[in-house]
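Subject: A structure to look through, with notes

Dear colleague,

I am passing on a structure for you to open beside this message. Please look it over, and then read the notes below with it on your screen.

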Amino acid sequence: MSSTPDTWRPSDRELERQAVRRSQRRRSILISTTATVLVFGALVLGTVTSPGWPNVKATFFSWDDAQAAFPAIWHAFWRYNVVLFMVGEVLILILAMLVALVRQTKAAALLPLRIIAVVYTDLFRGIPTILLVFMLAFGMPALQLQGVTNSLFFWGLTALVLSYGAYVAEVLRSGIESIHPSQLASADALGLSRFQAMRYVVVPQGVRRVVPPLLNDFISLQKDTALVGAAGLFDALFAARDYANFNFNFTPYVVVALYFIVLTIPLARLTDYLQHRAMERERQGAR
Amino acid sequence: MSSDAPLLEVTDLRKCYGDKVVLHDVGLTVHPHDVICLIGSSGSGKSTLLRCLNLLEDVDDGVIRFEGREISDPRVDRREVRSRMGMVFQAYNLFPHLTVLDNCTLAPRRVHGVPKAEAEQRAHDLLARFGLADQADKHPDRMSGGQQQRAALVRALCTQPTLLLLDEITAALDPELVGEVLTIVRDLAEQGTTMILATHEMGFAREVATTVCFLDEGRILEHGVPAEIFSSPREDRTRQFLARVLG
Amino acid sequence: MLVALGCAPQNSSTTATDTSTANQTPADCAQGKTLTDGTLTIATDSPAYDPWFKNNDPTNGKGFESAVAYAVADELGFDQSSVKWVKEPFNKSYAPGDKDFDFDINQISITPQRAKVVTFSDGYYTAAQALIALKDSPVSQATSIEDLKKYKLGAQTGTTSLTAIRDDIDPSQEPLVFDDTNVAKQALLNHQVDAIVADLPTAFYITAVQIPQATIVGQFQQQSGEPEQFGMLFQKDNPLVDCVNAALANMKSDGTLDSIEKKWLSETVSVPVLQ
């Protein structure tokens, strides 16, 4: 059978409908643009016409101070914050994965570890991170134990890893437990050992499922690296605070905020993309 | 009837979930190359029986002997037993994060120690035989239900099991996809694969089975060759069931 | 909405540098210039450290800054019961907007940069920097600023002590910066820092009372420019500052300020000077 060429042309009624839709769209765009301009315009206008604005501008948005503080902040940011969250995140993921796996294991020999894991997640999600930084950075060296380092950086990093490890462990555990038991049954039926089933089937899927909250925690960690300031580590925020305290100007804080924002935005988009891709894969069998 | 020793022998099997007795005194003998079809209404215990055979569930009484030894012994390594049986479920079989090829090579490589190249070759051959050659590098979410179940069968076969257990594998499929899956199962039967399958497809059972077992409320009420069961069942309940199902 | 935003009060632009203050007493001058009539509101940080205050209680009149504050209040015509103290964290004291105190006295050094944002009184104390180290530490043998370069030093954030380290000593290792002296002290005890820099009176208090195992290695004045002075911090262009300056002038000329300093900061004499 030969295929006949498609000779359809829109009817008059259809053309009318298209015209109506076009004008509806134009109206929508007009309304949304006007609304946006009005709202943001009002906000901006309200801000710059308030009586304190020149003062606020000089205090928070002073270009000279931004330039003066910039080198110290830049240096501190790369030296401390970036190292802390890059190294920290890796350690956190490893620790969290171990804790999550231990918490849901049924092996008898691992029961003591299971108890430790439960206590760990409860305790370290309970202690405020800044308190932990302070206690470890100054408390541990004060104990003067043999072979234990004095280094503030080490203890600051450890505090972050222990604190975030607990949160991330719970996220991973929820991901692992959310995998349908039939996946485990399939793995069992194939003769995979418990460990193999976790390693090749459950954990890969479980982790993919919780990529958004994991990335969220990573973004949060980036900010919390600033907490090491409590231990005297001269990170970007502390550098900003130091400049601010000495020169009585808050602009460096705005600079630090901008750094963190610039760091966060690409990660947020990455999260969206990865989540989209992962969920597509999960929807098999739904047809 | 072959005179080989039975591959699988089940005696007096009993299984309870809490207070509810799901399987009473179930007995079954399977010889190599047998195709046993389990039929019966839902809740009659077909799936439970298969899961007990595959040691996914513990039995509450009775003995299961596979390849000459008792596998219902708690000291038996279940993993080892399961690696010699293949099981396919009704749905959600494949691992969605892996390609079809990886799905098929996972168990041979990790459980049976087959080298990667050989495992992949075996997988490709089987996939080609069952019309899935071009699906090897796809993820399951890109395939139809029928294709997924066929791939699940291939995956089970890649481990070269002695016994294949199929639990209503066409029940979740759209009617037009059922046929392609049954074709494979028929092929496998003709090649002599030993199988136990729970199914609603009566026409298929009549054609392909060597023995049909009718389960009713946890007991094998009646069993025999298809001709017997379908044309002249002994029990009333069997008759009623068939009348309902065959119309 | 715009109307609501426009309702913040305008700062009065009366400058109190009328030449008529030449004949006024500070008390007359201060009439009507305080936040609350009849009360002088003074701020300081918490905790209020020794020897500037005693027992973390500014109201007892003990400690150098507490004594100075009450002496100034007296000159301005406020007796002890008319003085009200408020707590003001250091970071907040220079934030923009209206202040909730008349002035803040908190060992704040006067710098031209800071004077752009707030108004300072005249200096009431000239601060030298002192170096504190544990008695058995090699740092305690140092005799010159050069000797200090190789050590890990620490100081409080935003202070001239920190600037002194950076500008005058310029050590090879990055200095450790702390939020407050408590943290600095802990680090010293933990050997996480070799020596800490603080102003001399604070250093005395630390070595005398808080870390007896520490000693003052020496004192130094900053090399560049004028010696640092502590001043009281006022909201920008607050007219009260002139009254306070007049009060301070009186206290300097009649010896009150000196005797307060002798009473509370008397040990500042015999510390070796590091060049």
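In helix H8 (residues 181–189) of chain C, the residues C:Thr181, C:Val183, C:Ala184, C:Lys185, C:Ala187 and C:Leu188 are buried, where buried means under 20% relative accessible area, exposed means over 50% and partly exposed lies in between, with a 1.4 Å probe and protein chains only. Helices here are DSSP runs of H or I with at least four residues, strands are runs of E with at least two, and both are numbered from the N terminus. After H8(C) comes C:His191, whose phi is positive, near 60°.

Before going further, please note that this is a predicted model, in which local features need pLDDT of at least 70 and side-chain atom pairs count only at pLDDT 80 or more, while totals for chains, interfaces and linings use all residues. Residues are numbered from 1 along each chain as its sequence is written, chains are lettered from A and ligands numbered from 1 in the order in which they are written, and side-chain values use heavy atoms, with hydrogens and water left out.

C:Ser93 lies in helix H4 (residues 90–93) of chain C and is buried, with a relative accessible area of 0%. Leaving aside neighbours within four places in sequence, C:Ser93 is in contact (heavy atoms within 4.5 Å) with C:Glu88, C:Lys99, C:Phe101, C:Asp104 and C:Leu233. C:Ile169 belongs to helix H7 (residues 160–169) of chain C and also counts as buried, at 0% relative accessibility. Not counting residues up to four places away in sequence, C:Ile169 touches C:Ile145, C:Leu148, C:Lys149, C:Leu153, C:Ala164 and C:Phe220, and its C-alpha atom is separated by 9.8 Å from that of C:Ser144, 25 residues apart along the chain.

Next, the helix pairs. The axes of helix H3 (residues 63–103) and helix H10 (residues 236–247), both of chain A, come within 7 Å and cross at roughly 150°, where axes are lines fitted to C-alpha atoms, for helices over the stretch in contact, and angles run from 0 to 180 degrees between N-to-C directions. H3(A) is therefore roughly antiparallel to H10(A), since angles over 145 degrees count as roughly antiparallel, under 35 as roughly parallel, 65 to 115 as roughly perpendicular and the rest as oblique. The residues that make this contact include A:Phe77 of H3(A) and A:Tyr243 of H10(A). In chain B, the axes of helix H4 (residues 116–129) and helix H5 (residues 145–158) come within 10 Å and cross at roughly 140°, which means that H4(B) is oblique to H5(B). B:Arg122, B:Ala123, B:Leu126 and B:Leu127 of H4(B) meet B:Val154, B:Leu157 and B:Cys158 of H5(B).

Finally, the chains. Of the 2 pairs of chains in contact, chains A and C share the most contacts, with 36 residues from chain A and 38 residues from chain C taking part. About 2,900 Å² is buried between them, of which carbon and sulfur atoms give 59%; buried area is the accessible area (1.4 Å probe) that two parts lose on being put together, summed over both. Between chain B and chain A the buried area is about 2,400 Å², with 56% given by carbon and sulfur atoms. Chain B and chain C do not touch, and their nearest C-alpha atoms are 49 Å apart.

With best wishes
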